Amino acid sequence: MQVSIKWLHDYIDFTETSDELADKLTMAGIPVENVVHAGEGLEKVVTGKVESIERHPDSDHMFITQMNVGQPELVQIVTGAQNVKQGDIVPVAMIGAKLPNGLKISKGKLRGVPSNGMLCSADELKMDLTTLTDEQKDGIYILPADTEVGIPAKDALGLDDDILEFELTANRGDCFSVFGLVREIAVLTGNTPKWPEIKVNEDDEASTADMIKIGIEANDLCSRFSARVLKNVKVMESPEWMQARLENAGIRAINNIVDVTNFVMVELGQPMHAYDYDQISGHSLTARKAIAGENLHTLDDSSRIAKGEELVIADSEKPAGLAGVMGGLESEVTENTTTVVLEAAAFNGASIRRTSRACGLHSEASGRFERGVDVTQTMRALDRAAQLLQDMGACTVTKGIVDVYPEEKKPVSVDFIPAQINNRLGTDISGDKMVEILDSLGFRCEEDGKGGYHVAVPSWRNDVTFMEDLSEEVARIYGFDNIHASTPRGTMVQGVQSPLQSFIDRIKVTLTHIGMNEELSFSFTNPDMFDKMMLPADSPLRQAIPIMNPLTDEAPLVRTSLLASVLENAIRNLSRKNEDIRLYDVAPVFYPKSLPLTELPDEVVKVAGFMCGRRNPMSWNTSNDMIDFYDAKGIVEELLARLNITRYQVVAGEYTAMHPGKTALFKKGKEIVAAVGELHPQVAENLGISKKAYIFEMDVPTLMKYSSDKFSFDVLPKYPAIVRDLAMLVDEGVNASDIEKTITKNGGKFFKNVTLFDVYTGKQIADGKKSMAFTMLFQSNDKTLTDEEVDESFNNIIAAVEKEFDAELRG
């Protein structure tokens, strides 16, 4: 934001120079980025009148002028300008002047004729060419005929002003207005503001309520909507003083109607918009959400297709403007407009910011709405705009204001104790001094009878809600230079990782060591992923938390599945021809207790991975085999081994996004420790993955629960082991894990382990049957076993598997 010193002086007197004022504001937390001295370089440039002009005797394009610059004698100046004639008043650079473009003026001769200065063009004076006509841009700049001769040119050109350019923080929306800055200057200088009296003469018999109907359908996006109607409107140029104020604020003057709305926006901080009454269908305006596919035709003559999330101001047929960002072209005020509807409203800042970014439109109005406006100001702004236009003789004002204010803003109150603020700031400021500072800023303080104060926060300070905010107000006005630096006090403790963080590091180190690559992902996702992953309609994973202000429209939800993030990154790699992928991620997912969110969600850390492509790097001495299910299963088994998780059961099952016939669940009792499987073919097709891929997912708290840090060691056996093999025919649906469990249970005291080494379903095997072969190890730590001792256990195993699985031994 930028504002001129003259505009500030309209409302408050101060003796500080623009640079001194900038320093005071900056030190009080209202940072001034730059001070522009508009008349810099024009110190020896004055207005002069061409008393006579004649051709140069030795040049066919140069002229000799005699200039009246307010001195007793005329000044002779030679010029090559073709647009100057006798009687013109122009800017004259005298000897010794150093113009803004760097040109230094000295006495000289042009083709033998002395020249004692230079007639100046707009470009040489570094004037804003965008605001000038083509005639003013070319040649010497011609001043109005009634311009006084001999006065500083900067006064005649309106460049006798300084401009403060602010770099305000987003929380200080109140300072995006002249009134807000004047309030701050009054506190810093001790001077009293001269607020203008805002008073309207409703001199038209018509009633505003009879002429225009307004309403709010999107109460969450529009908290107040007010309107006034002006009749007998005369669209013309604004007064020069208003044009100068706006131009020095960086806003181009258009016509008196538009200029007044911009003037009030900068003055009060309340954006406004003017509509041509006769172009409003149904003479009604409603703040509502746009309908998806609806055309949004804005003042920049651009058409955009609504997505259905934008807030618009609509008449009875179509949108008449993009709320808080830009008005509609069809309802624009033109020279033919005779009746105007003035609108002032309060919109949701986050909504305006999203719309502004999505449409690629940023305006002075949207910038203010994004930072928050004073909802109590709408009617005052309408009165101020009507007053200014009425003073120009540009309209008559109908009776009343139509105001829709569904839920009146409740006053904000903050309590504080002086000791709290002093402890926070490291100061010893008295309570009376704090009250004096806060009162000067518009806060109202009352003692609570217990040594503290109740503070009523003014409506324009949306950023003050806590005691800490009040302490900042006290500190910046008291003066940061007056607060002595001190070392913070506190108990020093050694920083250490939490057990969870250390456990996650173990997981990452293990997966990285066995060939996986860690990815980094945002904790956001797109609802389309739920459909692509074939989540059931009632799946709790679909209950994702919506983000109020998403970084992008492609990720509006907080993720509930880490697999979704891993799959998104896998797709990104595959699309870039990186086809040999081994990705893993260790990151949190978020499960809300209910929606809409009323309390913090449950945050659970997950491990997820994705594998596809070649098993080995491409080389002449390696096979070209592709990764299969057992590679992914081996990764999970190795991780569990490194985490000392044992005695789990591996069973077939079903899991999110995995092939139902090629999925293994690692279980401890009824709890799933890990899931690994082939990516479901339909999910792969939905994601555009054309090759076999394998995924796994684990729950870190569950892994941590079953991980053991205790180790036990056995001495190497002194005595040899006895190995027995067992081959049997069983039904195809029998799981190897169930047979291994039965073998282990009936193996006796010398039994050590069992391993499945063959599964066969060939021509010699009956339909519905399969052959499974196991090898079993028996060993004693005390002696060499005899065949008789092992036979007893082996026979028990045979009897058990025959009974439980109807197994048939094979020879």
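Mentor: Helices (H or I, at least four residues) and strands (E, at least two) are taken here as DSSP runs, numbered from the N terminus. Please keep in mind throughout that this is a predicted model.

Trainee: Which strand gives the most to the lining of the largest cavity?

Mentor: The structure holds one cavity of 30 Å³ or more, and about 40 Å³ of space lies in the largest cavity. Its lining includes Leu-296, His-297, Pro-319 and Gly-328, and at least two lining residues come from each of strand S15 (295–297) and strand S18 (319–322). With four residues, the strand that contributes the most is S18.

Trainee: How far away from Asp-276 is the nearest side chain of opposite charge?

Mentor: Asp-276 belongs to strand S13 (residues 272–276), and, leaving aside residues up to four places away in sequence, it touches Ser-331, Glu-332, Val-333, Thr-337 and Thr-339. The side chain of Asp-276 does reach the backbone nitrogen of Asp-278, at 3.1 Å. A salt bridge, however, requires a side-chain nitrogen of Lys or Arg within 4 Å of a carboxyl oxygen of Asp or Glu, and Asp-276, although buried, has none, since the nearest side chain of opposite charge, that of Lys-318, is at a distance of 11 Å.

Trainee: Is Ser-459 buried, partly exposed or exposed, and what is its relative accessible area?

Mentor: Ser-459 lies in the loop between strand S25 (453–457) and helix H14 (467–478). Buried would mean under 20% relative accessible area and exposed over 50%, with partly exposed in between. Ser-459 is therefore partly exposed, its relative accessible area being 23%.

Trainee: With which side chain does that of Ser-459 make a polar contact of 2.9 Å?

Mentor: Not counting residues up to four places away in sequence, Ser-459 touches Asp-374, Thr-376 and Lys-409. The polar contact of 2.9 Å is made with the side chain of Asp-374.

Trainee: How many of the eight residues of helix H10 are buried?

Mentor: Helix H10 spans residues 364–371, and what covers its buried residues includes helix H8 (256–268), strand S20 (340–347) and helix H9 (349–359). The buried residues of H10 are Ala-365, Ser-366, Gly-367, Arg-368, Phe-369 and Glu-370. H10 is thus mostly covered, and the number of buried residues is six.

Trainee: Which residue with a positive phi follows H10?

Mentor: The backbone angle to examine is the phi of the residue that comes after the helix, and here it is positive, near 100°. The residue that follows H10 is Gly-372.

Technical notes:
Residues are numbered from 1 along each chain as its sequence is written. This is a predicted model: local features need pLDDT of at least 70, side-chain atom pairs count only at pLDDT 80 or more; totals for chains, interfaces and linings use all residues. Side-chain values use heavy atoms; hydrogens and water are left out. Buried means under 20% relative accessible area, exposed over 50%, partly exposed in between (1.4 Å probe, protein chains only). Contact means heavy atoms within 4.5 Å. A polar contact is a pair of N or O atoms within 3.5 Å; within protein, one must be able to donate a hydrogen and the other to accept it, and residues adjacent in sequence count only if both atoms are side-chain atoms. Lys and Arg count as positive and Asp and Glu as negative; His and the chain ends are not counted. On a 1 Å grid over the protein atoms alone, a cavity is a set of points where a 1.4 Å probe fits but cannot get out, and a pocket is an open set with protein on both sides within 12 Å along at least five of seven lines; lining residues have an atom within 4 Å of a point. Grid points are joined across faces, edges and corners, and a volume is the space filled by probe spheres set on the points.
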